[in-house]
Amino acid sequence: MKIIDLRSDTVTLPSPEMRRAMAAAELGDDVMGEDPTVNRLQEMAAEMLGKEAALLVTSGTQGNLAALLTHCKRGDEVIVGAEAHTFVFEVGGAWALGGLGLRTVPNDEGGRLDLKEVKAAIRFDNDHFPRTGLICVENTHNRCGGTVLTEEDLAALRHVADNRGLPVHLDGARLFNAAVALRVPVARLAARANSVTFCLSKGLGAPIGSVLCGTREFIAEARRYRKMLGGGMRQAGVIAAAGIYALESMVERLAEDHKNARAAAEGLKEIAGIALAPPPQTNLVYFTVDGWRLDALVRRLEEVGVLCFDEAGRIRWVTHYGIERSDVEEALSRLRAVMAAGA
Ligand SMILES: Cc1ncc(COP(=O)(O)O)c(C=O)c1O
């Protein structure tokens with residue numbers, strides 16, 4: 001029985017071509033700034049994102065935390081969506097390690113921050129208040145269903161930030177998915193943020209790594225925090241080579257994942273008791289199922305070789321490199337069989 005793993009786009013394995021690129025990478029000590037392949041990836045990423053400089057980090061979590069630490073001082077408050085990955089899933093690093101407060105504002109169903117609430121959450125200068133140091137936004141938005149924030153959405157947030165002289169950090173773990181879905185160059189989505197993290201190890205198919213982008217000065221400071229967080233890697237060109245391959249060869253194929261997610265959604269909505277939550281815009285498909293305990297359904301699916309997660313009252317299927325249209329059809333067919341057999 002073929003296992004169809006729809007848990008996350010982080011389960012992707014490097015392609016044979018990517019592995020060859022990794023094996024052939026020219027290497028040096030990156031903590032000393034001497035790994036030519038890391039340097040090439042960083043230059044390439046900065047150019048694609050339209051930023052001055054970039055930094056290879058171990059993960060999206062590390063990139064976001066390094067960004068928060070670089071933008072803010074201890075005691076500052078960071079405005080972040082209540083559904084943001086940084087708030088929900090990053091182990092509270094900002095407050096545990098950075099002494100930062102995370103002040104949440106609601107996300108709407110599209111993943112956008114409620115701008116009225118953002119304005120209201122920004123602190124005025126007063127000896128009693130912490131200082132607001134940063135606003136964070138996420139694109140695509142994971143918990144809101146892989147939803148895409150447009151250039152206009154990001155410009156509106158920028159306007160609010162500019163009115164109060166605040167920087168914006170974009171958690172763009174899946175920013176390339178957003179760019180492919182909107183058919184715009186990724187730099188246009190990065191343009192309204194002072195700093196951006198994007199992940200190589202999700203839909204782009206690399207085994208490890210994310211990249212933090214910003215001004216030269218910002219990245220020089222973030223590099224110190226990366227070291228503090230244990231992210232100073234030595235012959236990291238092995239990883240960077242996979243990243244270069246991903247940026248050269250894996251971006252356009254994200255459209256396949258989006259197509260497969262739409263195919264999954266079409267099939268799911270034909271099944272009685274299932275509702276999409278919401279219809280997918282990129283590669284994440286969330287749905288609710290009436291009449292089932294979701295943990296039990298996930299276990300039954302696992303028994304028939306379909307792996308997925310339930311989260312916050314929904315099941316999530318993620319399409320990615322390694323999942324073909326036929327796998328989606330097969331997963332739907334196994335789900336139908338499980339549901340027909342009953343809870
Ligand atoms: C939106 C978002 N941000 C950040 C991350 C963290 O990335 P990592 O798992 O590489 O730490 C994820 C991971 O799924 C994510 O979905």
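## Notebook: loops, ligand and rings

**Entry 1: cis peptide bonds**

I started at P278, which I found in the loop between β9 (274-276) and β10. A note to keep in view from here on: this is a predicted model. What joins A277 and P278? I looked it up, and a cis peptide bond does, with omega at about 0°.

I then went to N139 and T140, where I found another cis peptide bond, with omega at about -5°. T140 lies in the loop between β5 (132-138) and α7 (151-163). I marked both bonds because most peptide bonds are trans.

**Entry 2: positive phi**

Next I looked at backbone angles. Most residues other than glycine have a negative phi, so I wrote down the exceptions that came up.

V91 is not a glycine, yet its phi is positive, at about 60°. I placed V91 in the loop between α4 (85-88) and α5. Is V91 buried or exposed? Its relative accessible area is 76%, so I put V91 down as exposed.

A312 went into my list too: its phi is near 50°, a positive value in a residue other than glycine. I found A312 in the loop between β12 (309-311) and β13. With a relative accessible area of 59%, A312 is exposed; the cut-off I used for that word is over 50%.

**Entry 3: around the ligand**

Which residues surround the ligand? I listed S59, G60, T61, N64, H85, E90, E138, N142, D171, A173, R174 and K202. Sorted by class, that shell has one nonpolar, six polar and five charged residues. I also asked which element gives the most to the shell, and helix α3 (residues 60-71) does, with three residues.

Then I went through the polar atoms one by one:

- On T61, a polar side-chain atom lies 2.6 Å from an oxygen atom of the ligand.
- For D171, I found an N or O atom of the side chain at 2.6 Å from a nitrogen atom of the ligand.
- R174 has a polar side-chain atom 2.8 Å from an oxygen atom of the ligand.

How much of the ligand's accessible area does the protein cover? On its own the ligand has 390 Å² of accessible area, and the protein covers 84% of that.

**Entry 4: a closer look at N142**

N142 is one of the residues surrounding the ligand, so I came back to this residue, as 7% relative accessibility makes it count as buried. Its place is in the loop between β5 and α7, the loop in which I had put T140. What does the side chain of N142 contact? I found a polar contact of 3.0 Å to the side chain of Y286.

**Entry 5: aromatic rings**

I counted three aromatic pairs. The one I wrote out is F287 with W317, an edge-to-face pair at 5.4 Å centre to centre and 90° between the planes. F287 lies in strand β10 (residues 284-289) and W317 in strand β13 (residues 314-318), so this pair ties together parts that are 30 residues apart in sequence. Both F287 and W317 are buried.

R164 lies over the face of F124, at 4.0 Å from the ring centre. The charged end of R123 sits over the ring of F129, and here I noted 5.5 Å from the centre.

**Entry 6: two buried spots and two distances**

A94 has its place in helix α5 (residues 93-98). Its relative accessibility is 6%, so A94 counts as buried; the cut-off is under 20%. How far apart are the C-alpha atoms of A94 and T37? I got 30 Å, for two residues that are 57 residues apart along the chain.

G205 sits in the loop between β7 (195-199) and β8 (210-214). At 1% relative accessibility, I count G205 as buried. From G205 to A331 I noted 21 Å, C-alpha to C-alpha, across 126 residues in sequence.

Conventions
Residues are numbered from 1 along each chain as its sequence is written. This is a predicted model: local features need pLDDT of at least 70, side-chain atom pairs count only at pLDDT 80 or more; totals for chains, interfaces and linings use all residues. Side-chain values use heavy atoms; hydrogens and water are left out. A residue is near a molecule or strand if one of its heavy atoms lies within 4 Å of it. A polar contact is a pair of N or O atoms within 3.5 Å; within protein, one must be able to donate a hydrogen and the other to accept it, and residues adjacent in sequence count only if both atoms are side-chain atoms. Accessible areas come from the Shrake-Rupley method with a 1.4 Å probe; for residues, only the protein chains shown count as cover. Helices (H or I, at least four residues) and strands (E, at least two) are DSSP runs, numbered from the N terminus. Ala, Val, Leu, Ile, Met, Phe, Trp, Tyr, Cys and Pro count as nonpolar, Asp, Glu, Lys and Arg as charged, and the others, Gly among them, as polar. Rings of Phe, Tyr and Trp (its six-membered ring) pair if their centres lie within 6.5 Å; planes under 30 degrees apart count as stacked, over 60 as edge-to-face and the rest as tilted. Buried means under 20% relative accessible area, exposed over 50%, partly exposed in between (1.4 Å probe, protein chains only). A charge sits over a ring if NZ of Lys or CZ of Arg is within 6 Å of the ring centre and within 35 degrees of the ring normal.
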